[in-house]
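Work through these exercises with the structure open beside you. Try each task before you read its solution.

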Amino acid sequence: EDYRRVGEGYAQLAGGKVFGTEALMKKKDGTSFWCAIWGQALNPADLQEGSIWVLADITERKRVVQELREREERYRTIVETSAEWIWEIDLQGIHTFSNQGVRDVLGYRPEEILGLDAALLIHEDDRKIVETELPRLVAARQGWRGWILRWRHKNGTFRYLESNASPVINTKGELLGYLGADRDVTERHRAEQVLLESEQRFKRLVQ
């Protein structure tokens with residue numbers, strides 16, 4: 001199959017094109033290896049004058065790419081099946097990614113979150129905290145752990161979410177935004193409030 005494809009590519013050299021493809025080839029000892037092939041006619045008007053070809057062993061590159069593809073698929077499966085809301089925002093706070101977990105946490109579909117300013121869903125009182133802390137974290141290129149903020153559910157109620165996030169930095173060292181995961185801790189927060197109120201009530205009784 002690869003031999004036929006390279007043969008078809010040779011015919012294209014007559015038009016002055018540079019032909020490129022990948023093919024499985026065999027070494028003298030009989031072992032197979034992946035090869036990148038490029039060819040160009042010395043004289044596009046007359047292929048009989050010959051052509052020049054460059055071949056490169058890309059076996060290792062193919063192996064690495066396959067490993068990265070499998071790893072990416074593994075991570076994608078974890079992200080999409082996670083009960084936590086996994087998200088990504090840019091430096092303006094606009095959501096650029098959201099997994100399916102947002103359905104369980106806030107009732108929205110992922111596509112409803114994309115392009116949305118995160119601040120619009122945060123309780124007004126908690127938004128002030130974010131507006132104060134986020135510029136400092138951006139300047140320090142740091143993430144955060146254990147933030148508990150109130151987010152507005154699609155049904156209009158507010159849910160307490162515990163947020164953890166890491167900065168997203170490109171190869172140039174530039175901060176692009178944040179990647180994080182939030183989980184619903186509303187019931188835990190309510191239980192803590194009940195315990196706190198109970199403790200205060202007994203304290204008053206003792207006093």
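## Exercise 1: a loop residue and its backbone

Arg141 sits in the loop that runs between α5 (124-140) and β6 (144-152). The model is a predicted one.

**Task.** What is the phi of Arg141, and what is its relative accessibility?

**Solution.** 
- Step 1. Read the backbone angle. Phi of Arg141 is near 55°, a positive value in a residue other than glycine.
- Step 2. Most residues other than glycine have a negative phi.
- Step 3. Check the surface. Arg141 has 37% relative accessibility, so the residue counts as partly exposed.

## Exercise 2: an asparagine in a loop

**Task.** Which backbone atoms does the side chain of Asn99 reach? Is Asn99 buried or exposed?

**Solution.** 
- Step 1. Locate Asn99. The residue lies in the loop between β5 (95-98) and α3 (101-106).
- Step 2. Judge its cover. The relative accessible area of Asn99 is 0%, so the residue is buried.
- Step 3. Trace the side chain. One backbone atom within reach is the oxygen of Glu84, at 3.1 Å. Another is the nitrogen of Ile86, at 2.9 Å.
- Step 4. Asn99 touches Val79, Glu80, Ser82, Glu84, Trp85, Ile86 and Pro110, leaving out residues up to four places away in sequence.

## Exercise 3: salt bridges

The structure holds 14 salt bridges. Side chains of opposite charge can pair when their charged atoms come close.

**Task A.** How many residues apart are Arg76 and Glu72, and which helix holds them?

**Solution.** 
- Step 1. Both residues lie in helix α2, four residues apart, or about one turn of the helix. Helix α2 covers residues 59-81.
- Step 2. Arg76 is partly exposed, with a relative accessible area of 40%. Glu72 is partly exposed too, at 44%.

**Task B.** Are Arg150 and Asp126 buried or exposed?

**Solution.** 
- Step 1. The side chains of Arg150 and Asp126 form a salt bridge of 3.0 Å, N to O.
- Step 2. Arg150 is in strand β6 and Asp126 in helix α5, so the pair ties together parts 24 residues apart in sequence.
- Step 3. Both residues are buried.

**Task C.** Which residues are linked with Arg109 in a network of salt bridges?

**Solution.** 
- Step 1. Start with one pair. Glu111 and Arg109 meet through their side chains in a salt bridge of 2.9 Å, N to O.
- Step 2. Arg109, Glu111, Glu112 and Lys154 are linked by salt bridges.
- Step 3. Glu111 is partly exposed, with a relative accessible area of 47%. Arg109 counts as partly exposed at 35% relative accessibility.

## Exercise 4: an arginine in helix α5

**Task.** Which backbone oxygen lies 2.9 Å from a polar atom of the side chain of Arg127?

**Solution.** 
- Step 1. Arg127 is in helix α5. With 25% relative accessibility, this residue counts as partly exposed.
- Step 2. Leave aside neighbours within four places in sequence. Arg127 is then in contact with Ala119, Leu120 and Ile122.
- Step 3. The backbone oxygen in question belongs to Ala119.
- Step 4. For scale, Arg127 and Leu47 are 80 residues apart in sequence and 70 Å apart in space, C-alpha to C-alpha.

Conventions:
Residues are numbered from 1 along each chain as its sequence is written. Side-chain values use heavy atoms; hydrogens and water are left out. Helices (H or I, at least four residues) and strands (E, at least two) are DSSP runs, numbered from the N terminus. Buried means under 20% relative accessible area, exposed over 50%, partly exposed in between (1.4 Å probe, protein chains only). A salt bridge is a side-chain nitrogen of Lys or Arg within 4 Å of a carboxyl oxygen of Asp or Glu. A polar contact is a pair of N or O atoms within 3.5 Å; within protein, one must be able to donate a hydrogen and the other to accept it, and residues adjacent in sequence count only if both atoms are side-chain atoms. Contact means heavy atoms within 4.5 Å.
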